[in-house]
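Please look at the aromatic rings and the strands in the structure below. Keep both in view as you read.

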Amino acid sequence: MRARRAPVTELPPANPPNDAAGLPARAAALDLLTAALSGRAGLDEGLSHPALAALDGRDRAFARALVMATLRHLGPIDAALQARVKKPPPDKVVQVLRLGVAQAFVLHTPAHAAVSSAVDLVARDKSLQMFKGLVNAVLRGLLREPPQLDDPELLAPGWLLARWRAAFGPKAAREIAAMIPREPATDLSLKDPATANDLAAALQGEVLPGGSLRTQRRGDLATWPGFAEGTWWVQDAAAAIPARLLGAQAGETALDMCAAPGGKTLQLAAAGAQVTALDRSAPRLRRVAENLTRTGLSAEAVAADAAAWPDPRTFDAVLLDAPCSATGAFRRHPDVLWAAKPSDVAGLAAVQSRLLDAAARRTRPGGRLVYCVCSLEPEEGEGQVAAFLGRTAGVVLDPIAPGEDGAPTESLRPDGTLRILPQHRPGGLDGFFIARFRKA
Ligand SMILES: C[S@@+](CC[C@H](N)C(=O)[O-])C[C@H]1O[C@@H](n2cnc3c(N)ncnc32)[C@H](O)[C@@H]1O
């Protein structure tokens, strides 16, 4: 499981560096891609890699855009490479080839720059000199016969596609996969919904059902109108739905059990509730504190394991945004698709059921509980609800109404829970499962 970060936006790579000056950008992209696929630190940590930080803004944006383009087309890129490389070369050469293909066919870097920079990257490493010819030949071969990089059957790992087919049917599974290469817009949640139209005008955005603001704007968020004043925060349109559905109000107490980096805590605080934000990770909890400070909102922040928190309190409204495989978050974190393993899903499902039991204990009689995960895997969603209701006396489902709080009507299941698929809104949104319960 990766802890998710606030989304980054990518500057459009309209004028990528394509001469020798661009080599440091490509070298940084190589480090970042390696980190993203390492299954350890991942893309989030890679984005704070010193090699990336040392670049100027334009090169940094190019490196980031190149890695995202590579990750969003990784399956088809690998299929194209496998058809041309009989014996797999060392990992680093594979990464260079992947970056070369993404440059040539996704970012449309001039062909000579894509090839020569790939050869130069390999040449920087003495032990890989012997692969210069292979890199040159493979990329030139692909330039003569361009590969198709948007086949949905190749865009996600086979085991995930098979799971999605089994859970949602073949058509929906293909539609999910077809969202993978698409760069998402940026969605914002607003501290004061009354500012939506003014902010939409300032950011050339549109107000979505439920109140999120969607903008195609790119670049440094910190320079956007309203950032310094703390009038909004970045939050995917789907991620904003669970806290709205909890309906916490002024005068109520609310517990956000897995709070960092704090998007949902901010929503609950902005609604006027007295919020306790719990997270096991003290460093990630600092991000909650930073977000609260910037937006001028307040909440009690506590670093603790939510399942073993010794505090005796119960709350009017409890939100459990549980740690999960995050397969629904691929639009901004395409690395999750390639880092996730089948065994992760079962392990995380066990964590989720333990946390759901703790959430039920924290909900006062008559109170509400919302459970959500940004996973597309039924064991982390539908399966949790059935098992939780089966073992928990006095808790019932509180069905979500069609279109309630901006939930796409297509996402509503017959039992009143939500299975949001990324294709359920034009332009996309993150995949989520959401259920609301009431305690008798
Ligand atoms: C999906 S993220 C939460 C995102 C957050 N709700 C938001 O909207 O910004 C899951 C969080 O759960 C935290 N976490 C994992 N296990 C936990 C536990 N046992 N108790 C409390 N927090 C936990 C992780 O540190 C991570 O920050």
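The text below goes from aromatic rings to the nonpolar cores and then to one strand.

This is a predicted model, in which local features need pLDDT of at least 70, side-chain atom pairs count only at pLDDT 80 or more, and totals for chains, interfaces and linings use all residues. Residues are numbered from 1 along each chain as its sequence is written, and side-chain values use heavy atoms, with hydrogens and water left out.

Start with the rings. Rings of Phe, Tyr and Trp (its six-membered ring) pair if their centres lie within 6.5 Å; planes under 30 degrees apart are stacked, over 60 edge-to-face, and the rest tilted. The count by this rule is five aromatic pairs. Why is the pair of Phe388 and Phe437 edge-to-face? The ring centres of Phe388 and Phe437 are 4.9 Å apart and the planes stand at 75°, so the pair is edge-to-face. This pair links distant parts of the chain: Phe388 lies in helix α18 (residues 382-391) and Phe437 in strand β12 (residues 432-439), 49 residues apart. Helices (H or I, at least four residues) and strands (E, at least two) are DSSP runs, numbered from the N terminus. Phe388 and Phe437 are both buried, meaning under 20% relative accessible area with a 1.4 Å probe, protein chains only; exposed is over 50%, and partly exposed is in between.

One aromatic cluster is formed by Trp224, Phe227 and Trp232.

Now the cores. A nonpolar core is a set of buried Ala, Val, Leu, Ile, Met, Phe, Trp, Tyr and Cys residues joined through side-chain atoms within 4.5 Å. The largest has 80 residues, and Trp164, Leu320, Ile434 and Phe437 have the most contacts inside it. A second, separate core of 46 residues includes Phe62 and Val122.

Strands pair if DSSP finds at least two bridges between them. Strand β9 (residues 363-373) pairs with β12 in the antiparallel sense over six bridges, with Val370 opposite Arg436. Strand β10 (residues 395-397) runs antiparallel to β12, joined by three bridges. There, Leu397 stands opposite Phe437.
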